[in-house]
Number of protein chains: 2
Amino acid sequence: MSRLRFTISMSLDGFVAGPRQSVKDPLGIGGEQLHEWVIGLAAWREAHGLTGGEVNENTRVIDEAVTNIGATIMGRNMFGGHPGSWEAREEPWNGWWGDDPPFHHPVFVLTHYARPPLAMKGGTTFHFVTGGIEEALTRAREAARGKDITLAGGASAARQYLKAGLVDEMELHVVPVLLGGGERLFEGTGTALHGLRPVRTLATREVTHLKFARPGAA
Amino acid sequence: MSRLRFTISMSLDGFVAGPRQSVKDPLGIGGEQLHEWVIGLAAWREAHGLTGGEVNENTRVIDEAVTNIGATIMGRNMFGGHPGSWEAREEPWNGWWGDDPPFHHPVFVLTHYARPPLAMKGGTTFHFVTGGIEEALTRAREAARGKDITLAGGASAARQYLKAGLVDEMELHVVPVLLGGGERLFEGTGTALHGLRPVRTLATREVTHLKFARPGAA
């Protein structure tokens with residue numbers, strides 16, 4: 001069965017975005033520090049249609065994260081910023097990623113606003129799911145045709161899937177910075193690891209990767 | 001110059017003690033999970049006057065932490081539980097550690113209650129410091145005679161020294177559990193790493209050790 005996987009970068013003080021997130025500053029103040037380790041990598045640049053970049057110990061982690069993915073689920077904020085900012089527009093909002101988004105497979109967007117599917121160049125189609133996280137997962141599983149599903153974020157969507165015990169694999173990229181405030185991944189997510197167990201830790205100079213998986217879901 | 005060092009175990013969700021800490025349950029609910037990786041180690045048992053125990057990859061971390069220490073600083077809670085619980089007793093409270101505490105050097109306890117020094121067996125003397133964290137550090141430096149000083153905790157004392165920029169070395173032992181509540185180390189500690197930089201990461205099955213140091217303080 002296809003697994004639901006997600007990866008997220010987190011500061012030492014537990015934040016996945018800095019304070020005062022906005023449409024202009026979606027990562028919040030200082031939040032860009034969480035992603036410095038990844039945006040210079042050739043593996044990340046290639047996945048986003050760019051050339052060049054570095055190959056280092058972190059490359060393996062990105063390669064793993066993008067391998068065998070047949071569908072993506074994301075929260076509404078990740079698709080388009082703050083509540084109402086894209087759903088209510090007269091000109092339809094088609095996401096942050098231009099005409100040819102880097103997914104190249106079906107993407108299921110959690111929202112309260114029904115909207116017809118949106119087919120983009122390069123094989124990406126955005127589907128707008130109003131029936132909640134379980135419906136999105138069911139539809140993504142069907143669309144993934146046996147491959148895995150990646151939960152692209154944001155933190156709120158990730159928390160909902162964690163609390164529901166639906167995540168099969170989670171990788172935290174712990175970045176040695178303090179953001180001092182912002183959005184926490186683990187807030188009201190309880191005391192169990194949602195059925196997950198540590199399976200791999202990879203420490204590099206820039207970031208420590210802590211990978212967890214549900215036993216038997218491999 | 002002797003350095004101020006501290007190490008602490010922290011959950012994935014950033015807690016260094018679980019919820020509802022009390023004199024009976026000083027680590028809070030679930031907090032004992034933070035220390036499971038250490039209490040079975042021969043290195044830890046030996047430092048506490050016990051025999052037996054395991055030698056594994058984590059041994060090196062404990063060996064480093066106890067090497068070249070000439071004095072200890074601790075907060076009042078670590079010495080004796082909740083406010084007033086030991087300062088106000090008629091029978092003097094001499095700490096949790098029995099007649100022969102495992103320090104074997106001078107220990108400086110931060111408190112608001114003046115009290116004469118308390119000499120125990122085995123070379124441990126507790127000094128009660130009412131002048132604040134800088135006075136405790138100055139006196140500990142003098143007592144350490146060129147060796148380093150360890151900040152034994154708890155989290156509140158550690159936060160005060162971090163915020164004052166007085167910590168020269170910090171090691172976080174990140175344990176793959178969620179406590180869901182309790183006391184955070186990084187709460188109101190700002191956005192800079194207090195002058196510290198990552199110097200070493202060691203990942204084991206049970207725990208990931210993230211070590212930070214002040215450049216030039218080695």
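**Where the chains touch.** I started with the contact between the two chains, which takes 20 residues from chain A and 20 residues from chain B. This is a predicted model, so I'm reading it as such. On chain A, strand S10 (197-203) and strand S11 (208-213) each supply at least two residues of the side that touches chain B. S10(A) gives the largest share of that side, 3 residues. I also looked up the make-up of the side of chain A that touches chain B, and it divides into 11 nonpolar, 8 polar and 1 charged.

**How the copies are related.**

**The core.** Next I went to the largest nonpolar core, which has 108 residues. Those that touch the most other members are A:Ile73, A:Val109, B:Ile73 and B:Val109. In chain B, domain 1 (1-19 + 29-68 + 148-154 + 162-218) and domain 2 (70-146) both give residues to this core, so it lies between them. Leaving out residues up to four places away in sequence, B:Ile73 touches B:Phe108, B:Ala136, B:Leu137, B:Ala140, B:Ile149, B:Leu151 and B:Ala152.

**Helix H6 of chain B.** Just after the helix, B:Gly165 takes a positive phi of about 70°.

I picked B:Ala43, which is in helix H2 of chain B. Buried or exposed? B:Ala43 has 20 C-beta neighbours inside 10 Å, so I put it down as buried. Its contacts beyond four places in sequence are B:Thr59, B:Ile62 and B:Asp63. Then I moved to B:Asn56, in the loop between helix H2 (42-47) and helix H3 (59-66) of chain B. B:Asn56 has 15 C-beta neighbours inside 10 Å and so counts as partly exposed. B:Thr204 is 148 residues from B:Asn56 along the chain, yet their C-alpha atoms are separated by 9.3 Å.

Most residues other than glycine have a negative phi, and most peptide bonds are trans, so I went looking for exceptions. The bond from A:Gly153 to A:Gly154 is cis, with omega near -5°, and A:Gly154 lies in the loop between strand S7 (148-153) and helix H6 (155-163) of chain A. In chain B, the bond from B:Gly153 to B:Gly154 is cis too, with omega near -5°.

A:Arg145 has a positive phi, near 50°, and is found in the loop between helix H5 (133-144) and S7 of chain A. With 11 other C-beta atoms within 10 Å, A:Arg145 is exposed. B:Arg20 also has a positive phi, near 60°. I found B:Arg20 in the loop between strand S2 (15-17) and helix H1 (36-39) of chain B, and with 12 C-beta neighbours inside 10 Å it counts as exposed.

Technical notes. Residues numbered from 1 in each chain as written. Chains lettered and ligands numbered in written order. Predicted model: local features only at pLDDT ≥ 70, side-chain atom pairs only at ≥ 80, totals over all residues. Contact = placed C-beta atoms within 7 Å. Helix = DSSP H or I, 4+ residues; strand = E, 2+ residues; numbered from the N terminus. Nonpolar A, V, L, I, M, F, W, Y, C, P; charged D, E, K, R; others polar. Core = buried A, V, L, I, M, F, W, Y, C linked by C-beta atoms within 7 Å. Domains from an automatic or database assignment.
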